Amino acid sequence: MNSVDKMKWSVDKMKVLYYDCFCGISGDMNLAALLELGVPKEYLIEEISKLNLNSEYEIKTEKAIKHGITGTRVDVILKNQVHNHDHIAEEPLNNYHHDHKEENIHENSNTHTHEDYESHDFFHENHHTHEEHSHAYDHEHNNQNHHTHEEEHNHSCDENHAHTHTNNIEHHHRNLKDIENIINSSALNDKVKKLSMNMFIRVAEAEAKVHGKTLYEVHFHEVGAIDSIIDMVGAAICIDYLEVDKIIASPVQVGGGFVKCAHGLMPVPAPATVEILKNIPINTGIVPFETTTPTGAAILAANVQEFTQKIDFSIKKIAYGIGHRDLEIPNVLRVYLGEKEKLEEIEEQYILETNIDDMNPEFYGYVEEKLFEIGALDVFKTAIFMKKGRPGVKLSVLINEQIEKDVLDVIFEETTSIGVRKYKVEKIMLNRDFSKIETQYGEVTIKRSYYNGKLIKYKPEYEDCKVIAKENNITMEKIYKEVYKEVGDIYDKQ
């Protein structure tokens, strides 16, 4: 039982995860911070092993210190990869001199941490050959010295940081479809799969836009792929384990300055990072280096529901994920686990609606199923009379903004609609949770709703009751009566 499990989280309080990104965020810093927060390392490793990629990596964790702040540091070590780097120097264009006095540097002649290869374009365009990914830096790095991405390899240049391999292992490129297959064919639970793919798609979309490619034309280079998989799938596993009600973050520090590379002068943050962080508040220039990587940006963009500096919850636990580079400020990611009162939730959503009078009515059921499959919050149909007295149907779809394009794709491809109206709505929802009760017919999930912190209603989940009714050859009404009898005995006495 870890420290998070030991905490007593009240049903009338909201469990909050807060990212304090005063020095940005990277994939390994996020993993380190969430492990420090209470996710057991053994649990993380066991779950990630379900990807069936164990032969490609090793996860190493340890305590580390930055500017007197103690936290956890994570290294994803690539197995059986030996790299020779002849690099074109990428240097900050300022007078800042960085002293590489790094705590807890590991020496290993045959392994590198994943931060060595965290690129700003770790999806590489598919027309590149393996040879096109070699480096030609001014200075040479001997493979006997174990170095990290944040020490020297803080690349802000497009595609200029893939690696020449001296071993005889044949390397391939993984594209987004390959990543989907790895994740979806694994034994991970459905929530972790969905969270993981949400993060990968954010990165893929950004890289595709930056390079002028379609989503499936950009490729993951193998050396960078495994660490990105571990970072993002690991993030999903940890978030799922913590079972938080809401994820919040501060504005994101991205760093600043320019770097000189083969393409010329490139700004920090990198183009892909900026694209991922679009519509998210950022801060710049605290140090003349990159402080937020594309992986870190994707973790925030896909999971954070609110960006604010306001901390209006009680802090129960604080943790630090330690970065690799030594900076003038603490190179750490700070996270808080906290509690706040569960008030009735007001959520901003959108209605997409269209009037249809020339479609086969049998198609509506199929369209509705597809809309729910892609994440529509509600779908409903209203009988209407259109111009010239024609009967029609108003199809209305309640969505959040993230799935708007997918919903429009279904409407325009699967119906006869040639236009859609969109308007913003506020949805006021009671706080809800779920529990299970045992009946004489089997286990049924109960949805409970609270108002002003008090339980005011509950109902059995329809799908559970349907399965039990079929299995026992009894009516739905009988199941519902049995459930309400059992639930009433429990809750009416409270």
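A residue is taken as buried when its relative accessible area is under 20%. In the predicted model described here, Cys21 has a relative accessible area of 0% and is therefore buried. Cys23, likewise at 0% relative accessibility, also counts as buried.

A disulfide requires a pair of cysteine sulfur atoms within 2.5 Å. The closest cysteine sulfur to that of Cys21 belongs to Cys23, at 10.0 Å, which is too far for a bond. Over the whole structure, the search returns zero disulfides.

The average pLDDT is 79, and 74% of the residues score at least 70. Over residues 82–172, pLDDT stays under 50. For this segment the model has 278 contacts beyond four places in sequence.

The largest nonpolar core comprises 64 residues, of which Leu17, Tyr19, Leu51 and Phe200 touch the most other members. Helix 7, spanning residues 222–242, supplies the largest share of this core, with twelve residues. When neighbours within four places in sequence are left aside, Leu51 is in contact with Ile182, Ile183, Ser186, Leu188, Ile229 and Val233. Apart from this core lies another, of 13 residues, which includes Val367, Val379, Leu395 and Ile403.

Glu369 is located in helix 10, which covers residues 363–373. Exposure is assigned over 50% relative accessible area; Glu369, at 52% relative accessibility, therefore counts as exposed.

With a relative accessibility of 1%, Lys66 counts as buried. The side chain of Lys66 reaches the backbone oxygen of His324 at a distance of 3.1 Å, and the cut-off for a polar contact is 3.5 Å.

How values were computed
Residues numbered from 1 in each chain as written. Predicted model: local features only at pLDDT ≥ 70, side-chain atom pairs only at ≥ 80, totals over all residues. Heavy atoms only, no water. pLDDT = per-residue confidence, 0-100. Contact = heavy atoms within 4.5 Å. Buried < 20%, exposed > 50% of the residue type's maximum accessible area, 1.4 Å probe, protein only. Polar contact = N/O pair within 3.5 Å; in protein donor to acceptor, adjacent residues only side chain to side chain. Core = buried A, V, L, I, M, F, W, Y, C linked by side-chain atoms within 4.5 Å. Helix = DSSP H or I, 4+ residues; strand = E, 2+ residues; numbered from the N terminus.
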